[in-house]
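Let's take a walk through a protein model together. Have the sequence and the 3D view ready, and follow along as we go.

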Amino acid sequence: DALPIWIFLFFFSAYLVEKFNFSRTQSADAYVVIAVWTLVILNTVVKWASKLFTTRQLIVITGVILSISILVIGLVSNPAIVYWVIPFWTFGASGFYTYFLSYLSIEAGSEHQGLAMGVAMSLQSVAQIVAPILAGLIMSTHVSLPLLLSAFVVMLGACALFGFFKKTSLH
């Protein structure tokens with residue numbers, strides 16, 4: 001679940017430089033915007049959404065938002081639009097990962113919770129290693145391809161794992 005998010009984070013500055021001719025400073029500024037939005041969204045929208053929807057619903061909702069925002073960022077030709085999409089990407093990425101870990105923790109039960117969370121953290125570590133290698137190889141084909149593939153993987157994961165219309169919930 002974390003691989004597309006790490007591909008985006010590791011690849012984003014190279015994408016901005018390659019596609020929009022950003023300087024290093026402009027790329028760094030984009031990460032500052034992401035960090036600020038992450039703080040705001042994690043402390044407001046993610047908590048608010050948790051009260052309105054079930055964990056399963058939130059995984060699908062944030063997965064779709066994350067996928068669409070990555071897709072838009074990968075397809076736009078105006079860098080200003082990237083800044084308008086960052087809050088949606090931040091909600092999708094922050095929410096998707098947070099809700100997925102919550103779901104995993106609940107589904108594992110108290111008996112296997114430590115094991116499940118340990119495996120999840122190990123897979124996240126692997127994703128941090130694989131993501132820049134994979135993004136670099138894919139980027140040599142086309143500058144937007146890592147983003148487009150990430151959007152596809154997130155959408156596929158959210159839909160395949162839980163389905164759009166599944167009505168069961170955890171709480």
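Predicted model: local features only at pLDDT ≥ 70, side-chain atom pairs only at ≥ 80, totals over all residues.

A helix here is a DSSP run of type H or I with at least four residues, and helices are numbered from the N terminus.

**The overall layout**

Of its 171 residues, 40% count as buried. The accessible surface comes to about 9200 Å², and 71% of that belongs to carbon and sulfur atoms. Now look at contacts between residues at least 6 apart in sequence: 79% of them join residues at least 24 apart.

In soluble globular proteins, nonpolar side chains tend to be buried together. In this model, the largest nonpolar core has 32 residues, and the members that touch the most others are Phe8, Phe12, Tyr15, Leu16, Ile73, Val82 and Trp89. Helices α1 (3-20), α2 (24-43), α3 (45-52), α4 (55-75), α5 (79-139) and α6 (145-162) each supply at least two residues of this core. Which helix gives the most to this core? That's α5, with nine residues.

Leaving aside neighbours within four places in sequence, isoleucine 73 is in contact with Phe8, Phe12, Tyr15, Val82, Val85, Trp89 and Leu147.

Not counting residues up to four places away in sequence, methionine 139 touches Phe11, Ala14, Glu18 and Pro146. Glycine 74, found in helix α4, has its own set of contacts beyond four places in sequence: Tyr15, Lys19, Ser144 and Leu147. Here is how two pairs work out:

| Pair | Apart in sequence | C-alpha to C-alpha |
|---|---|---|
| Methionine 139 and glutamate 18 | 121 residues | 9.9 Å |
| Glycine 74 and proline 146 | 72 residues | 8.3 Å |

Is glycine 74 buried or exposed? Glycine 74 is buried, because its relative accessible area is 1% and the cut-off for buried is under 20%. Serine 94, which lies in helix α5, is buried too, with a relative accessible area of 10%. Leaving aside neighbours within four places in sequence, serine 94 is in contact with Thr38, Leu42 and Val46.

**Rings that pair up**

How many aromatic pairs does a search of the whole structure find? There are three. One of them is phenylalanine 12 with tyrosine 31, an edge-to-face pair with 5.9 Å centre to centre and 80° between the planes. This pair links distant parts of the chain, as phenylalanine 12 is in helix α1 and tyrosine 31 is in helix α2, 19 residues apart. Phenylalanine 12 counts as buried at 0% relative accessibility, while tyrosine 31 counts as partly exposed at 27%.

Tyrosine 15 and phenylalanine 20 have ring centres 5.9 Å apart and planes at 90°, so this pair is edge-to-face. Both of these residues are buried. Ring pairs also link Tyr15, Phe20 and Phe22 into a cluster.

**A nonpolar patch outside**

Finally, turn to the surface. Val126, Ile129, Val130, Ile133, Leu134 and Leu137 form a nonpolar patch there, with about 530 Å² of accessible area together. Valine 130 is found in helix α5, and it counts as partly exposed because its relative accessibility is 34%, between the 20% and 50% cut-offs.

Note on methods. Residues numbered from 1 in each chain as written. Heavy atoms only, no water. Core = buried A, V, L, I, M, F, W, Y, C linked by side-chain atoms within 4.5 Å. Buried < 20%, exposed > 50% of the residue type's maximum accessible area, 1.4 Å probe, protein only. Contact = heavy atoms within 4.5 Å. Patch = residues over 30% accessible without salt bridge, like charges linked within 9 Å, V, L, I, M, F, W, Y side chains within 5 Å. Areas by Shrake-Rupley, 256 points an atom, 1.4 Å probe, with all protein chains shown as cover. Salt bridge = Lys/Arg side-chain N within 4 Å of Asp/Glu carboxyl O. Phe/Tyr/Trp six-rings, centres within 6.5 Å; stacked < 30°, edge-to-face > 60°.
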